[in-house]
Each structure stands twice: as C-alpha cells, then as structure tokens.
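This report describes a protein model together with the ligands placed in it. Please look at the sequence and the structure before reading on.

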Amino acid sequence: MDKSWADKNKEIQALLAKEATFKEAIKKLLEFRGELFQQITWIVEAYPDEAFYQMPFAGAKGYHSKTLAYSIWHIYRIEDIVAHEMIAGDEQILFREGFLEKTASPIITTGNELKGEEIAAFSEKLNVKELYLYAKAVKESTDQILSHLQYKDLKKKFTDETKQKLVESKCVSEDENAYWLIDYWCGKDVKGLMQMPFSRHWIMHIEAMLRIKDRLCKLARKGTDPVAICGLSCSHCFLGAWCGGCRTAYNTCSCAIYSAGRICPNVKCCKEKNIDACYECGELETCEKGFFVPSNDGANAAKAQSLYIRKYGKKEFLKIQTRLHEKFEFQKVQEILGQDYKEALRILEENR
Ligand code: SF4
Ligand code: SF4
C-alpha cells in the first residue's frame with residue numbers, strides 16, 4: 001500500500017478509537033476521501049474511453065486484474081449499498097438519482113460475481129461520464145452521513161432485519177463470490193464499515209487503478225516515436241508513468257486534456273500542416289500555441305529542443321536528453337535550460 005495513504009489511514013483509525021478525537025477523525029477521513037477521489041477524477045478526465053474496459057493484467061491475482069470502469073463501479077456500488085441500506089436506512093443513490101439508466105449498467109450488484117471477460121464486457125457497456133457522476137454523488141452522500149455521525153453511533157450493530165433487507169434488495173449477487181459480502185458487512189458495526197468500504201476498500205482499488213493506467217500508458221507507448229510533438233522527450237518526461245505520450249491515444253499532458261476534444265493544440269496544428277512535429281515548422285520561433293503559450297515556463301525550453309532536433313535530428317536529441325539526465329538533477333527540462341530559447345539551445349549544444 002502507498003506509504004502516505006497507509007499512514008493517513010492508520011492515523012484516522014487511531015483517532016476514531018477515542019471520543020475525544022472522534023471529530024478530528026471524521027474531518028481527516030473526509031479530507032482523505034477527497035484526496036483519493038481526486039485520483040479517480042484525474043483518471044476520468046484524462047484517459048480515452050477505451051482505457052476503461054482494458055484488462056492489462058487479466059488473469060493476475062489482485063484487484064489490478066479488473067478494469068478501470070469496473071473498479072469505480074465496484075467501489076461506489078458497495079459504498080452506496082452499505083451507506084444507504086445499512087447506515088442511513090434510505091434509498092440508494094443508484095435508484096434515487098436514476099443512475100442505473102444513466103450509467104447504462106446491466107447489473108445492480110457490486111460486480112463481485114463477474115469473472116474474466118465478463119468484467120471487460122460489463123465495463124464496455126458503462127457510460128463512463130455518468131459512472132463518474134454516480135461515484136461522485138455516492139461519495140458526497142456518504143460524506144454527509146459521516147459528518148452527522150456521533151461517537152456513540154460507531155458501536156451500532158446490524159440486525160437480521162438489515163440482513164434480510166440486503167438479501168431482498170438483490171444488490172448482492174447470490175454467486176458464491178459475492179454472497180459472503182452480506183454476512184461480512186452485517187458482522188461489522190458502523191466503525192467496522194467505516195474502516196473497510198469507506199476507506200481501506202477505496203485505497204486498495206484506487207491503487208489497483210493506478211497500476212492499470214500505468215500499464216496502459218506503457219503499452220500505448222510501446223513502439224511509438226518518443227519525441228513529443230512540442231520538442232520534449234516522452235522517454236525522459238517526469239510524467240512518463242501518467243502519460244502515454246502525445247503520439248498515442250493516452251496523451252494526458254495538460255495541453256491535451258484541457259483542450260477541445262482532448263487534443264493538444266500542437267498535435268492538432270502539426271496534423272493540419274501535415275508535418276511530423278513542431279521542429280519542422282517555419283513559425284516555431286514565434287509560435288504561442290499550446291505548449292508554447294508564453295505563460296508556460298517550459299515553452300522556450302521545448303522550443304530550444306525542437307530547434308535542436310531540426311539541426312541534429314531525433315537520435316542526437318534523445319542522446320542529449322539521456323546525457324543531461326545523467327549530468328544534472330532535474331524534473332522539468334526548463335530547470336536547466338531556462339526561459340530563453342536561444343540560450344537554451346546554446347546549453348544543449350554545449351552539452352553535445
Ligand atoms: S507530458 Fe508531453 S512529453 Fe510528457 S509523456 Fe506526455 S506527451 Fe510526452
Ligand atoms: S504553428 Fe506552432 S503549433 Fe503549429 S506546427 Fe508550428 S510550431 Fe507547432
């Protein structure tokens with residue numbers, strides 16, 4: 001488990017144990033859930049539709065053997081059932097807010113009963129944007145429930161009536177891989193539910209999602225040109241685990257994800273001009289599009305690199321990138337190339 005997430009979770013559990021620190025525990029739990037949910041937001045904002053039904057670790061043991069869409073569905077279906085059928089005793093968000101139709105899900109269960117290809121097929125049917133809105137609505141609703149809890153509520157146990165209600169809801173499949181959940185949840189008190197479906201369960205599945213998307217980026221990048229359209233090197237980029245590169249469908253560079261159609265303006269422009277990349281363009285020196293917008297502190301370093309590629313070729317450019325990383329400690333290339341493209345080109349040439 002991610003060390004900082006494990007530490008935060010541990011701290012929250014310790015604070016939950018005492019009445020004096022209960023309110024602080026809830027506050028920290030809500031913050032932590034916000035931090036974890038941000039990972040899902042970034043993934044949904046950044047990745048192409050196809051990413052949500054790929055199983056790059058199919059057959060592996062562990063949560064990473066699922067898909068991104070399945071992971072989101074599963075985390076928030078469980079939370080919705082537990083928060084509303086068990087704790088609040090009201091209607092689940094899935095039905096109350098029409099998300100069954102909106103997400104186009106063919107099931108109302110947690111998905112535990114699905115195996116192998118069934119997971120991919122189920123994931124492909126889901127409307128990811130609506131799935132995200134469902135997850136968000138469930139999270140916000142649970143946050144409300146959590147913020148109204150009192151310390152004494154933590155010890156509340158569940159009766160056979162709750163168990164029967166869960167059975168009748170048909171939200172847990174009768175498949176042996178799923179049905180155990182009802183006994184598992186009903187064997188816990190409210191505190192136990194907070195420790196698993198509302199926190200630890202998130203951590204485990206979100207970590208798995210990060211593994212899935214890292215792998216998808218790696219696979220997307222395989223065999224593609226690592227020289228980015230703007231003049232950066234995807235092979236040396238500090239966002240390499242997050243982004244598949246601008247020559248793939250997994251371009252999660254901020255220039256792409258915040259632009260219309262999620263297409264980086266530099267990529268779009270080069271396509272329109274039918275050129276390989278900005279280094280081939282006569283307007284490069286004065287261009288202010290996409291990555292070259294003057295407010296971007298990396299614009300001139302990327303320009304200098306494009307000029308370098310123009311002069312010496314991509315092979316030499318990739319070599320110098322490796323050399324710079326061996327020689328200097330830096331994340332973003334502007335940290336060593338600065339803000340003036342002529343001076344940056346001089347630094348690159350000096351290090352040839
Ligand atoms: S952020 Fe840009 S340079 Fe980095 S990997 Fe993505 S496309 Fe390549
Ligand atoms: S105009 Fe700008 S974005 Fe378009 S190809 Fe030329 S340098 Fe690249």
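This is a predicted model: local features need pLDDT of at least 70, side-chain atom pairs count only at pLDDT 80 or more; totals for chains, interfaces and linings use all residues.

Residues are numbered from 1 along each chain as its sequence is written, and chains are lettered from A and ligands numbered from 1 in the order in which they are written.

**Overall form**

The protein contains 16 helices and zero strands. Here helices (H or I, at least four residues) and strands (E, at least two) are DSSP runs, numbered from the N terminus. The C-alpha trace spans about 75 × 45 × 35 Å along its principal axes. Of the 352 residues, 39% count as buried. A residue is buried if 20 or more other C-beta atoms lie within 10 Å of its own, exposed if 12 or fewer, and partly exposed in between, with C-beta atoms placed from the backbone.

Among the contacts with a separation of 6 or more, 68% join residues 24 or more positions apart; two residues are in contact if their C-beta atoms, placed from the backbone, lie within 7 Å.

The expected span is 1.5 Å times one less than the number of residues. The buried residues of H2 include Ala25, Ile26, Leu29, Arg33 and Leu36. Those buried residues pack against helix H1 (3–16), H3, helix H7 (128–147), helix H10 (190–221) and H11.

Helix H3 has 21 residues and reaches 28 Å from its first C-alpha to its last, close to the 30 Å expected. H3 is mostly covered, with 20 of its 21 residues buried. After H3 comes Gly89, whose phi is positive, near 70 degrees.

**Nonpolar cores**

In soluble globular proteins, nonpolar side chains tend to be buried together. A nonpolar core is a set of buried Ala, Val, Leu, Ile, Met, Phe, Trp, Tyr and Cys residues joined through C-beta atoms within 7 Å. The largest such core has 90 residues, of which Ala69, Ile72, Leu131, Ile229 and Ala304 touch the most other members. Helix H3 (residues 68–88) supplies the largest share of this core, 13 residues. Because domain 1 (3–221) and domain 2 (254–350) both give residues to this core, it lies between them. Another core, of five residues, lies apart from it and has Ile12, Ala25, Ile26 and Leu29 among its members.

Leu131 touches Ala69, Ile72, Trp73, Thr103 and Leu126, not counting residues up to four places away in sequence.

**Surroundings of the ligands**

The residues around ligand 1 include Cys234, Cys237, Cys243, Cys246 and Cys253. Those around ligand 2 include Cys269, Cys270, Cys278, Cys281 and Cys287, and also Lys273, Glu283 and Lys289. A residue is near a molecule if its C-beta atom, placed from the backbone, lies within 6 Å of it. The table gives each shell by class; Ala, Val, Leu, Ile, Met, Phe, Trp, Tyr, Cys and Pro count as nonpolar, Asp, Glu, Lys and Arg as charged, and the others, Gly among them, as polar.

| Shell | Residues by class |
|---|---|
| Ligand 1 | eight nonpolar, three polar and no charged residues |
| Ligand 2 | six nonpolar, two polar and three charged residues |

**Loop residues**

Lys170 lies in the loop between helix H8 (160–169) and helix H9 (176–186). The phi of Lys170 is near 60 degrees, a positive value in a residue other than glycine. Lys170 counts as exposed because it has 10 C-beta neighbours inside 10 Å.

The loop between helix H11 (254–257) and helix H12 (265–273) holds Arg262, whose phi is positive, near 55 degrees. Arg262 is partly exposed, since 15 other C-beta atoms lie within 10 Å. Tyr258 is also found in the loop between H11 and H12; with 11 C-beta neighbours inside 10 Å, Tyr258 counts as exposed. The C-alpha atoms of Tyr258 and Ala46 are separated by 8.8 Å, although 212 residues apart along the chain.

Terms used. Domain bounds come from an automatic or database domain assignment.
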